Amino acid sequence: MFWTFKEWFWLERFWLPPTIKWSDLEDHDGLVYVKPSHLYMTIPYAFLLLIIRRVFEKFVASPLAKSFGIKETVRKVTPNTVLENFFKHSTREPMQTDIYGLAKKCNLTERQVERWFRSRRNQERPSRMKKFQEACWRFAFYLVITVAGVAFLYDKPWLYDLWEVWNGYPKQPLLLSQYWYYILEMSFYWSLLFRLGFDVKRKDFLAHIIHHLAAISLMSFSWCANYIRSGTLVMIVHDVADIWLESAKMFSYAGWTQTCNTLFFIFSAIFFISRLIIFPFWILYCTLILPMYYLEPFFSYIFLNLQLMILQVLHLYWGYYILKMLNRCIFMKNIQDVRSDDEDYEEEEEEEEEEEDGTKGKEMDCLKNGLGAERHLIPNGQHSC
């Protein structure tokens with residue numbers, strides 16, 4: 001059954017233009033062509049990137065964070081076996097009836113029990129140091145891969161003349177620079193996927209999984225169908241904006257509000273130019289319209305453009321929320337990665353302080369209502385090809 005499925009999956013009519021066979025893409029005369037087996041190397045390279053990331057966070061990101069005044073905070077909570085068991089095995093946010101019963105059982109007041117659970121929840125929240133390390137690593141990778149992408153593409157004719165993307169397709173040999181560009185990008189997304197269970201868990205955790213899998217799937221498909229030239233153009237268009245988003249996050253965690261806002265404005269401008277102008281009017285035009293002058297429509301051509309059009313819809317979706325974030329920055333003078341738990345943590349700390357002062361009331365409600373409507377804004381630097 002497996003071999004039957006494999007033979008059906010790799011049928012030429014799914015992947016290649018009519019009259020083209022896989023045998024036409026075999027290596028010859030020193031020319032190398034893409035092979036699905038090349039992608040196996042992305043897994044060991046992903047683990048190598050995880051090792052590099054660990055070293056980078058320890059010896060580069062951590063000292064850099066400390067130079068910005070970010071400290072590794074340790075949130076302590078008074079040990080209590082009964083409350084700890086309830087926290088781990090029942091719920092992290094007990095109902096009022098549970099609080100009453102636990103207070104009686106532990107000989108504590110209900111307020112003390114509430115504060116213990118609040119402190120215990122805060123204990124599991126990631127520190128600013130950890131968030132800074134993650135953003136710093138992504139910034140470093142996107143910076144390196146963007147510089148590498150520019151170096152790989154600056155002398156390629158299809159960067160300046162989109163007709164060259166399809167000239168000779170699919171009999172286009174694989175260049176060493178294209179190989180490493182693709183392999184590093186895919187390895188990076190595999191490494192992000194492997195680290196999801198250990199990295200900061202944000203409110204869009206499931207979306208992150210879907211995004212990373214989609215990015216890997218799209219890159220794998222474009223590789224196997226030899227859409228390498230258009231694929232490298234898509235990657236560079238996406239990478240160029242992600243640098244600025246990650247740097248804005250770094251300065252946000254460091255408390256440099258003005259610098260964060262400036263970087264976010266730069267990110268927004270590059271995002272709108274690259275993904276709402278260049279991508280639809282150059283890249284999509286290149287993949288959707290130009291091939292019709294060379295080829296008859298076939299399955300992988302249709303499938304590729306369907307994925308890219310879905311990606312463009314996502315660009316519009318993210319662009320809408322970036323505009324809302326810009327509006328928030330201009331009129332409220334505040335930018336924050338609302339996928340994080342910082343706001344929740346700060347609000348809970350403010351609640352605790354106001355409870356102790358006996359002033360909990362309308363002011364806190366107004367603060368919550370004012371911020372609550374904007375907790376879904378900054379997307380991660382979404383990237384697919």
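A crossing of two helices is right-handed if the near helix is turned clockwise from the far one by less than a right angle. I wrote that down before opening the model, which is predicted.

**Entry 1: the whole chain**

I began with the overall make-up. The protein chain has 15 helices and zero strands. How much of the chain is buried? Buried residues make up 50% of the 385 residues. Next I looked up the contacts between residues at least 6 apart in sequence. Of these, 81% join residues at least 24 apart.

**Entry 2: helix 5 and helix 6**

I turned to helix 5, residues 96-106, and helix 6, residues 110-123. At what angle do they pack? I read about 110 degrees, with the axes 9 Å apart. Angles of 65 to 115 degrees count as roughly perpendicular. Helix 5 and helix 6 are therefore roughly perpendicular to each other. Their crossing is right-handed.

I then listed the residues that make the contact. Helix 5 gives Q96, I99, Y100, L102 and A103. Helix 6 gives E110, V113, E114 and F117. I sorted this set by type and got six nonpolar, one polar and two charged.

**Entry 3: helix 7 and helix 11**

Another pair came next: helix 7, residues 128-153, and helix 11, residues 228-254. I noted an angle of about 150 degrees and axes 8 Å apart. Angles over 145 degrees count as roughly antiparallel, so helix 7 is roughly antiparallel to helix 11. The crossing of this pair is left-handed. The residues of the contact divide into 14 nonpolar, five polar and seven charged.

**Entry 4: A254**

Is A254 buried or exposed? Its relative accessibility is 14%, so A254 counts as buried. The cut-off for buried is under 20%.

What does A254 touch, leaving aside its neighbours within four places in sequence? I found F68 and I70. I also checked A254 against S67. The two are 187 residues apart in sequence, but their C-alpha atoms are 9.5 Å apart in space.

**Entry 5: the UniProt record**

Last, I opened the record. The unreviewed UniProt entry places "transmembrane region" at residues 38-56, 135-154, 179-198 and 301-323. I checked two of these spans in the model. Residues 179-198 are 85% helix and 0% strand, and their end C-alpha atoms lie 29 Å apart. Residues 301-323 are 100% helix and 0% strand, with end C-alpha atoms 33 Å apart.

Note on methods. Residues numbered from 1 in each chain as written. Predicted model: local features only at pLDDT ≥ 70, side-chain atom pairs only at ≥ 80, totals over all residues. Heavy atoms only, no water. Axes fitted to C-alpha atoms, helices over the stretch in contact; angles between N-to-C directions. Helix = DSSP H or I, 4+ residues; strand = E, 2+ residues; numbered from the N terminus. Parallel < 35°, antiparallel > 145°, perpendicular 65-115°, else oblique. Contact = heavy atoms within 4.5 Å. Nonpolar A, V, L, I, M, F, W, Y, C, P; charged D, E, K, R; others polar. UniProt positions renumbered as here; feature names shortened; annotations may be inferred. Buried < 20%, exposed > 50% of the residue type's maximum accessible area, 1.4 Å probe, protein only.
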